[in-house]
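Thanks, everyone. I'll keep this short. Please bring up the model and follow along.

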Amino acid sequence: MNTPASPLPVIRLKSDRTPGHPWVWSAQVHKPETRVPPGSVVDVEDAKGRFVGRAFWNGHARIALRLLTNDPDEAIDADWIAARIDRAVALRSDLLQLDRVSDAWRVVHSEGDGLSGLVVDRYADIIVIEYFAAGMWRFREAIHAALLRHFPGARLYWFAENHVQKQESFDCRSPEAPAPVEVHEHGLRFHAAPGYGHKTGFFADQRENRHHFARLAKGRRVLDLCCNAGGFAVHALAAGAESATGVDMDPGILEIARANAAANDVPVKFEAADIFDWLRGAIARGEQYDAVILDPAKLTRDRNKVVDALKKYFAMNRLALDVIPPGGLLLTCSCTGLVSEEDFLEMLRRVALNAGREIQVLHTAGAGADHPFRSDVPEGRYLKAVFCRVM
(Lines give C-alpha, C1' and ligand atoms only; values in the text may rest on other atoms or scores of the structure.)
Protein backbone atom coordinates (compact mmCIF):
# COMPACT_ATOMS: atom_id res chain seq x y z
CA MET A 1 0.00 0.00 0.00
CA ASN A 2 1.40 3.42 -1.02
CA THR A 3 1.88 5.99 1.69
CA PRO A 4 0.15 9.26 0.80
CA ALA A 5 2.60 12.03 -0.05
CA SER A 6 3.11 14.70 2.60
CA PRO A 7 1.03 17.78 1.87
CA LEU A 8 3.04 20.57 0.30
CA PRO A 9 3.35 24.03 1.85
CA VAL A 10 0.71 26.42 0.52
CA ILE A 11 1.46 29.91 -0.74
CA ARG A 12 -1.53 32.23 -1.09
CA LEU A 13 -1.72 34.90 -3.80
CA LYS A 14 -3.06 38.35 -2.98
CA SER A 15 -5.28 38.27 -6.07
CA ASP A 16 -8.05 35.92 -7.14
CA ARG A 17 -6.99 36.28 -10.78
CA THR A 18 -4.94 33.52 -12.41
CA PRO A 19 -1.39 34.77 -13.06
CA GLY A 20 -0.75 35.43 -16.72
CA HIS A 21 2.93 34.59 -16.36
CA PRO A 22 4.81 31.73 -14.66
CA TRP A 23 6.79 34.24 -12.61
CA VAL A 24 5.00 35.61 -9.57
CA TRP A 25 6.73 38.50 -7.82
CA SER A 26 7.19 38.72 -4.04
CA ALA A 27 4.79 41.67 -3.79
CA GLN A 28 2.00 39.50 -5.26
CA VAL A 29 1.98 36.86 -2.52
CA HIS A 30 1.25 36.54 1.18
CA LYS A 31 4.41 35.41 2.96
CA PRO A 32 3.84 32.07 4.72
CA GLU A 33 3.60 32.14 8.51
CA THR A 34 6.25 29.45 8.88
CA ARG A 35 9.54 29.50 6.98
CA VAL A 36 9.60 27.59 3.68
CA PRO A 37 13.17 26.94 2.49
CA PRO A 38 14.24 28.52 -0.84
CA GLY A 39 13.62 26.18 -3.77
CA SER A 40 10.84 24.20 -2.07
CA VAL A 41 8.00 22.85 -4.18
CA VAL A 42 4.73 24.43 -3.01
CA ASP A 43 1.07 24.50 -3.89
CA VAL A 44 -0.22 27.91 -4.97
CA GLU A 45 -3.74 29.12 -4.20
CA ASP A 46 -5.49 32.31 -5.15
CA ALA A 47 -7.00 34.76 -2.67
CA LYS A 48 -10.17 32.65 -2.53
CA GLY A 49 -8.27 29.44 -1.72
CA ARG A 50 -8.60 27.86 -5.17
CA PHE A 51 -5.72 25.78 -6.53
CA VAL A 52 -3.64 27.71 -9.08
CA GLY A 53 -0.66 25.47 -9.60
CA ARG A 54 2.54 23.97 -8.25
CA ALA A 55 5.71 26.02 -8.10
CA PHE A 56 9.21 26.58 -6.79
CA TRP A 57 9.10 28.99 -3.85
CA ASN A 58 11.79 31.45 -2.88
CA GLY A 59 10.96 34.04 -0.25
CA HIS A 60 14.39 35.68 -0.66
CA ALA A 61 14.13 36.36 -4.39
CA ARG A 62 12.21 38.95 -6.39
CA ILE A 63 10.60 36.07 -8.29
CA ALA A 64 8.88 34.45 -5.32
CA LEU A 65 7.13 31.72 -7.32
CA ARG A 66 8.09 29.92 -10.53
CA LEU A 67 4.91 28.14 -11.63
CA LEU A 68 5.64 24.69 -13.09
CA THR A 69 2.23 23.05 -13.59
CA ASN A 70 -1.45 23.82 -13.12
CA ASP A 71 -2.36 20.13 -12.85
CA PRO A 72 -3.11 19.20 -9.21
CA ASP A 73 -2.34 15.54 -9.98
CA GLU A 74 1.15 16.26 -11.35
CA ALA A 75 3.96 15.84 -8.82
CA ILE A 76 7.13 17.88 -9.24
CA ASP A 77 9.76 15.22 -8.67
CA ALA A 78 12.72 13.53 -10.38
CA ASP A 79 10.41 11.76 -12.85
CA TRP A 80 8.80 15.08 -13.80
CA ILE A 81 12.22 16.63 -14.37
CA ALA A 82 13.29 13.67 -16.52
CA ALA A 83 10.10 13.82 -18.60
CA ARG A 84 10.56 17.54 -19.30
CA ILE A 85 14.18 16.97 -20.33
CA ASP A 86 13.07 14.09 -22.56
CA ARG A 87 10.61 16.43 -24.24
CA ALA A 88 13.23 19.14 -24.71
CA VAL A 89 15.77 16.76 -26.26
CA ALA A 90 13.13 15.26 -28.57
CA LEU A 91 12.34 18.72 -29.94
CA ARG A 92 15.97 19.30 -30.93
CA SER A 93 16.78 15.77 -32.08
CA ASP A 94 13.56 14.56 -33.70
CA LEU A 95 11.68 17.63 -34.91
CA LEU A 96 14.48 20.13 -35.56
CA GLN A 97 17.11 17.47 -36.36
CA LEU A 98 19.87 19.84 -35.30
CA ASP A 99 22.58 17.19 -35.45
CA ARG A 100 22.39 17.49 -39.23
CA VAL A 101 23.85 21.00 -39.08
CA SER A 102 25.67 21.28 -35.74
CA ASP A 103 26.84 19.53 -32.59
CA ALA A 104 26.46 22.77 -30.62
CA TRP A 105 22.90 23.60 -29.58
CA ARG A 106 20.70 24.54 -26.64
CA VAL A 107 19.22 21.48 -24.96
CA VAL A 108 16.97 23.26 -22.42
CA HIS A 109 15.82 26.89 -22.65
CA SER A 110 14.32 27.54 -19.20
CA GLU A 111 10.64 28.57 -19.38
CA GLY A 112 10.60 27.83 -23.12
CA ASP A 113 10.90 24.15 -22.21
CA GLY A 114 8.83 24.30 -19.03
CA LEU A 115 11.93 24.13 -16.81
CA SER A 116 12.08 27.54 -15.17
CA GLY A 117 15.53 28.37 -13.87
CA LEU A 118 17.47 25.86 -15.98
CA VAL A 119 19.52 26.36 -19.15
CA VAL A 120 21.50 23.52 -20.76
CA ASP A 121 23.82 23.78 -23.76
CA ARG A 122 25.60 21.09 -25.70
CA TYR A 123 29.09 21.57 -27.15
CA ALA A 124 30.02 18.24 -28.82
CA ASP A 125 30.61 15.95 -25.81
CA ILE A 126 30.41 18.73 -23.19
CA ILE A 127 27.05 19.47 -21.57
CA VAL A 128 26.93 22.87 -19.83
CA ILE A 129 24.25 23.33 -17.17
CA GLU A 130 23.44 26.80 -15.85
CA TYR A 131 21.24 27.19 -12.79
CA PHE A 132 19.13 30.30 -12.24
CA ALA A 133 16.86 29.05 -9.45
CA ALA A 134 17.29 27.35 -6.09
CA GLY A 135 14.48 24.94 -6.99
CA MET A 136 16.34 23.60 -10.02
CA TRP A 137 19.58 23.37 -8.03
CA ARG A 138 17.76 21.11 -5.54
CA PHE A 139 17.00 18.73 -8.44
CA ARG A 140 20.56 18.74 -9.79
CA GLU A 141 21.11 14.99 -9.35
CA ALA A 142 17.96 14.17 -11.32
CA ILE A 143 18.89 16.74 -13.98
CA HIS A 144 22.41 15.35 -14.40
CA ALA A 145 21.15 11.76 -14.54
CA ALA A 146 18.53 12.60 -17.18
CA LEU A 147 21.09 14.40 -19.34
CA LEU A 148 23.56 11.52 -19.15
CA ARG A 149 20.83 9.17 -20.38
CA HIS A 150 20.56 11.24 -23.54
CA PHE A 151 24.27 12.02 -23.87
CA PRO A 152 26.08 8.96 -22.47
CA GLY A 153 29.73 9.60 -21.74
CA ALA A 154 29.30 13.38 -21.88
CA ARG A 155 31.39 15.64 -19.71
CA LEU A 156 29.10 17.68 -17.45
CA TYR A 157 30.01 21.19 -16.37
CA TRP A 158 27.59 23.17 -14.20
CA PHE A 159 27.63 26.68 -12.79
CA ALA A 160 25.53 29.59 -11.54
CA GLU A 161 26.46 33.25 -11.72
CA ASN A 162 27.41 34.75 -8.34
CA HIS A 163 24.58 37.30 -8.39
CA VAL A 164 22.07 34.48 -9.04
CA GLN A 165 23.37 32.40 -6.15
CA LYS A 166 23.16 35.40 -3.84
CA GLN A 167 19.65 36.38 -4.93
CA GLU A 168 18.29 32.83 -4.98
CA SER A 169 20.13 31.68 -1.79
CA PHE A 170 21.97 28.58 -2.98
CA ASP A 171 25.60 27.58 -3.19
CA CYS A 172 26.69 26.10 -6.51
CA ARG A 173 30.17 24.62 -6.57
CA SER A 174 31.33 24.12 -10.15
CA PRO A 175 33.57 21.21 -11.09
CA GLU A 176 36.90 21.75 -12.80
CA ALA A 177 36.37 23.17 -16.28
CA PRO A 178 36.56 20.50 -19.02
CA ALA A 179 39.24 20.64 -21.69
CA PRO A 180 38.15 22.80 -24.66
CA VAL A 181 36.42 21.04 -27.53
CA GLU A 182 35.94 21.57 -31.27
CA VAL A 183 32.36 22.01 -32.42
CA HIS A 184 30.92 22.09 -35.92
CA GLU A 185 28.32 24.30 -37.56
CA HIS A 186 27.19 24.13 -41.18
CA GLY A 187 30.43 22.37 -42.07
CA LEU A 188 32.74 24.83 -40.26
CA ARG A 189 34.89 24.25 -37.17
CA PHE A 190 34.86 26.35 -34.01
CA HIS A 191 36.47 26.35 -30.58
CA ALA A 192 34.33 26.05 -27.42
CA ALA A 193 35.77 26.30 -23.93
CA PRO A 194 33.08 26.28 -21.20
CA GLY A 195 34.30 27.41 -17.81
CA TYR A 196 37.27 29.44 -19.03
CA GLY A 197 35.59 32.85 -19.14
CA HIS A 198 34.33 34.50 -22.35
CA LYS A 199 31.18 32.40 -21.84
CA THR A 200 32.14 29.52 -24.16
CA GLY A 201 33.73 31.46 -26.96
CA PHE A 202 30.81 30.28 -29.07
CA PHE A 203 27.18 31.40 -29.10
CA ALA A 204 24.87 28.81 -30.63
CA ASP A 205 21.89 31.20 -30.60
CA GLN A 206 23.24 33.02 -33.69
CA ARG A 207 23.73 29.81 -35.72
CA GLU A 208 21.08 30.45 -38.38
CA ASN A 209 21.78 34.19 -38.47
CA ARG A 210 25.47 33.50 -39.20
CA HIS A 211 24.47 31.17 -42.02
CA HIS A 212 21.93 33.60 -43.50
CA PHE A 213 24.27 36.61 -43.31
CA ALA A 214 27.08 34.65 -44.97
CA ARG A 215 24.88 33.96 -47.99
CA LEU A 216 24.07 37.68 -48.32
CA ALA A 217 27.71 38.74 -47.86
CA LYS A 218 29.14 36.84 -50.83
CA GLY A 219 31.56 39.08 -52.74
CA ARG A 220 31.34 41.86 -50.11
CA ARG A 221 33.79 43.49 -47.69
CA VAL A 222 32.69 42.36 -44.25
CA LEU A 223 33.12 44.19 -40.94
CA ASP A 224 32.28 42.15 -37.83
CA LEU A 225 31.90 44.54 -34.87
CA CYS A 226 31.88 43.10 -31.32
CA CYS A 227 33.00 39.98 -33.16
CA ASN A 228 33.60 37.79 -30.11
CA ALA A 229 35.00 34.50 -31.47
CA GLY A 230 34.63 35.63 -35.08
CA GLY A 231 31.73 33.39 -36.09
CA PHE A 232 30.09 35.82 -38.51
CA ALA A 233 33.38 36.75 -40.20
CA VAL A 234 34.47 33.11 -40.55
CA HIS A 235 31.11 32.09 -42.03
CA ALA A 236 31.13 35.03 -44.43
CA LEU A 237 34.61 34.33 -45.83
CA ALA A 238 33.87 30.62 -46.13
CA ALA A 239 30.77 31.53 -48.19
CA GLY A 240 32.70 33.78 -50.56
CA ALA A 241 32.99 37.24 -49.00
CA GLU A 242 35.75 39.38 -50.52
CA SER A 243 37.39 40.20 -47.17
CA ALA A 244 36.56 40.26 -43.45
CA THR A 245 37.71 42.33 -40.49
CA GLY A 246 36.69 41.56 -36.91
CA VAL A 247 36.85 44.08 -34.05
CA ASP A 248 36.47 43.31 -30.34
CA MET A 249 37.92 45.00 -27.26
CA ASP A 250 38.82 41.70 -25.57
CA PRO A 251 42.26 40.46 -26.69
CA GLY A 252 41.62 37.07 -25.06
CA ILE A 253 38.54 36.27 -27.13
CA LEU A 254 40.36 37.40 -30.26
CA GLU A 255 42.93 34.64 -29.72
CA ILE A 256 40.04 32.18 -29.95
CA ALA A 257 38.75 34.04 -33.02
CA ARG A 258 42.12 33.73 -34.75
CA ALA A 259 42.19 30.02 -33.98
CA ASN A 260 38.70 29.69 -35.48
CA ALA A 261 39.80 31.47 -38.65
CA ALA A 262 42.89 29.26 -38.91
CA ALA A 263 40.85 26.08 -38.36
CA ASN A 264 38.72 27.00 -41.37
CA ASP A 265 41.62 28.35 -43.46
CA VAL A 266 40.06 31.81 -43.93
CA PRO A 267 42.09 35.07 -43.66
CA VAL A 268 40.10 37.20 -41.20
CA LYS A 269 41.89 40.31 -39.93
CA PHE A 270 41.16 40.78 -36.22
CA GLU A 271 41.82 43.97 -34.25
CA ALA A 272 41.52 44.60 -30.50
CA ALA A 273 39.79 47.96 -29.98
CA ASP A 274 36.78 49.74 -28.59
CA ILE A 275 34.32 49.79 -31.49
CA PHE A 276 33.52 53.51 -31.03
CA ASP A 277 37.20 54.48 -31.28
CA TRP A 278 37.77 52.03 -34.13
CA LEU A 279 34.79 53.29 -36.15
CA ARG A 280 35.79 56.93 -35.71
CA GLY A 281 39.24 56.04 -37.02
CA ALA A 282 37.80 54.11 -39.96
CA ILE A 283 35.49 57.01 -40.84
CA ALA A 284 38.44 59.43 -40.72
CA ARG A 285 40.38 57.14 -43.07
CA GLY A 286 37.43 56.95 -45.46
CA GLU A 287 37.07 53.17 -45.12
CA GLN A 288 33.91 51.49 -46.39
CA TYR A 289 32.47 48.05 -45.67
CA ASP A 290 29.46 46.80 -47.60
CA ALA A 291 28.39 44.10 -45.11
CA VAL A 292 28.53 45.04 -41.42
CA ILE A 293 27.57 43.00 -38.35
CA LEU A 294 27.00 44.76 -35.03
CA ASP A 295 26.48 42.22 -32.23
CA PRO A 296 27.32 43.77 -28.84
CA ALA A 297 27.08 41.98 -25.50
CA LYS A 298 24.04 42.48 -23.28
CA LEU A 299 23.93 46.13 -22.24
CA THR A 300 21.79 45.93 -19.08
CA ARG A 301 19.89 43.65 -16.73
CA ASP A 302 18.22 46.63 -15.03
CA ARG A 303 14.79 47.79 -16.20
CA ASN A 304 15.67 51.29 -15.02
CA LYS A 305 18.58 51.45 -17.49
CA VAL A 306 16.78 50.41 -20.68
CA VAL A 307 16.71 54.01 -21.96
CA ASP A 308 20.48 54.26 -21.45
CA ALA A 309 20.93 50.98 -23.34
CA LEU A 310 18.86 52.28 -26.25
CA LYS A 311 20.99 55.44 -26.36
CA LYS A 312 24.10 53.28 -26.64
CA TYR A 313 22.54 51.15 -29.38
CA PHE A 314 21.68 54.39 -31.20
CA ALA A 315 25.25 55.69 -30.91
CA MET A 316 26.92 52.51 -32.19
CA ASN A 317 24.46 51.98 -35.05
CA ARG A 318 24.72 55.63 -36.07
CA LEU A 319 28.52 55.37 -36.30
CA ALA A 320 28.31 52.07 -38.19
CA LEU A 321 26.19 53.71 -40.91
CA ASP A 322 29.07 56.02 -41.79
CA VAL A 323 31.23 53.11 -43.01
CA ILE A 324 28.43 51.52 -45.07
CA PRO A 325 28.08 52.68 -48.69
CA PRO A 326 24.65 52.95 -50.37
CA GLY A 327 23.36 49.43 -51.00
CA GLY A 328 25.43 48.00 -48.16
CA LEU A 329 24.14 45.47 -45.62
CA LEU A 330 23.78 45.89 -41.87
CA LEU A 331 22.96 43.08 -39.48
CA THR A 332 22.35 44.76 -36.15
CA CYS A 333 21.66 42.68 -33.04
CA SER A 334 20.58 43.07 -29.43
CA CYS A 335 20.72 40.31 -26.84
CA THR A 336 19.39 42.65 -24.12
CA GLY A 337 16.16 40.89 -23.21
CA LEU A 338 14.66 44.01 -21.62
CA VAL A 339 14.86 45.85 -24.96
CA SER A 340 11.84 44.86 -27.05
CA GLU A 341 11.95 44.36 -30.81
CA GLU A 342 9.57 47.30 -31.14
CA ASP A 343 11.94 49.59 -29.21
CA PHE A 344 14.95 48.29 -31.13
CA LEU A 345 13.28 49.00 -34.49
CA GLU A 346 12.24 52.46 -33.28
CA MET A 347 15.90 53.10 -32.41
CA LEU A 348 16.85 52.16 -35.99
CA ARG A 349 14.20 54.53 -37.35
CA ARG A 350 15.77 57.37 -35.40
CA VAL A 351 19.26 56.36 -36.57
CA ALA A 352 18.14 56.54 -40.20
CA LEU A 353 16.49 59.92 -39.65
CA ASN A 354 19.57 61.31 -37.92
CA ALA A 355 21.90 60.04 -40.67
CA GLY A 356 19.66 61.11 -43.54
CA ARG A 357 19.82 57.53 -44.84
CA GLU A 358 17.15 54.99 -45.74
CA ILE A 359 17.26 51.70 -43.81
CA GLN A 360 15.33 48.89 -45.49
CA VAL A 361 14.55 46.10 -43.03
CA LEU A 362 14.87 42.88 -45.01
CA HIS A 363 14.29 40.36 -42.25
CA THR A 364 13.92 40.27 -38.48
CA ALA A 365 15.07 37.18 -36.64
CA GLY A 366 15.97 35.95 -33.20
CA ALA A 367 17.67 32.97 -31.68
CA GLY A 368 17.41 29.59 -33.38
CA ALA A 369 14.48 27.25 -32.81
CA ASP A 370 16.48 25.46 -30.09
CA HIS A 371 15.76 28.61 -28.01
CA PRO A 372 11.93 28.43 -27.97
CA PHE A 373 9.97 30.92 -25.92
CA ARG A 374 6.54 30.51 -24.40
CA SER A 375 3.82 32.80 -25.68
CA ASP A 376 3.25 34.04 -22.11
CA VAL A 377 6.96 34.61 -21.40
CA PRO A 378 8.18 37.24 -23.87
CA GLU A 379 11.39 37.53 -21.82
CA GLY A 380 12.50 34.27 -23.42
CA ARG A 381 12.76 36.05 -26.76
CA TYR A 382 15.88 37.98 -25.80
CA LEU A 383 17.78 38.08 -29.13
CA LYS A 384 16.86 40.52 -31.89
CA ALA A 385 18.69 40.28 -35.23
CA VAL A 386 17.64 42.80 -37.87
CA PHE A 387 18.92 42.32 -41.42
CA CYS A 388 18.95 45.63 -43.28
CA ARG A 389 20.01 47.26 -46.51
CA VAL A 390 21.27 50.82 -46.13
CA MET A 391 20.62 53.26 -48.96
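Start at Cys335. Its sulfur lies 8.6 Å from the closest cysteine sulfur, the one in Cys333. That is too far for a bond, because a disulfide needs the two sulfur atoms within 2.5 Å. Keep in mind that this is a predicted model.

Is Cys335 buried or exposed? It counts as buried, at 18% relative accessibility. Cys333 is buried too, at 1%. The cut-off for buried is under 20%.

As a reminder, a disulfide is a covalent bond between the sulfur atoms of two cysteines.

Next, a pair of helices. H8 covers residues 275–284, and H9 covers residues 306–321. Their axes come within 9 Å and cross at roughly 25°. So H8 is roughly parallel to H9, since angles under 35 degrees count that way. The crossing is left-handed.

Which residues make the contact? From H8, they are Ile275, Phe276, Leu279, Arg280 and Ile283. From H9, they are Lys312, Ala315, Met316, Leu319 and Ala320. By class, that contact has eight nonpolar residues, two charged and no polar ones.

Last stop: His144. Find it in helix H3, residues 140–150. His144 has a relative accessible area of 12%, so it is buried. What does His144 touch, leaving out residues up to four places away in sequence? Ile129, Tyr131, Leu156 and Trp158.

That's my tour. Over to you.

Conventions
Residues are numbered from 1 along each chain as its sequence is written. This is a predicted model: local features need pLDDT of at least 70, side-chain atom pairs count only at pLDDT 80 or more; totals for chains, interfaces and linings use all residues. Side-chain values use heavy atoms; hydrogens and water are left out. Helices (H or I, at least four residues) and strands (E, at least two) are DSSP runs, numbered from the N terminus. Buried means under 20% relative accessible area, exposed over 50%, partly exposed in between (1.4 Å probe, protein chains only). Contact means heavy atoms within 4.5 Å. Axes are lines fitted to C-alpha atoms, for helices over the stretch in contact, and angles run from 0 to 180 degrees between N-to-C directions. Angles under 35 degrees count as roughly parallel, over 145 as roughly antiparallel, 65 to 115 as roughly perpendicular and the rest as oblique. A crossing is left-handed if the near helix is turned anticlockwise from the far one by less than a right angle, and right-handed if clockwise. Ala, Val, Leu, Ile, Met, Phe, Trp, Tyr, Cys and Pro count as nonpolar, Asp, Glu, Lys and Arg as charged, and the others, Gly among them, as polar.
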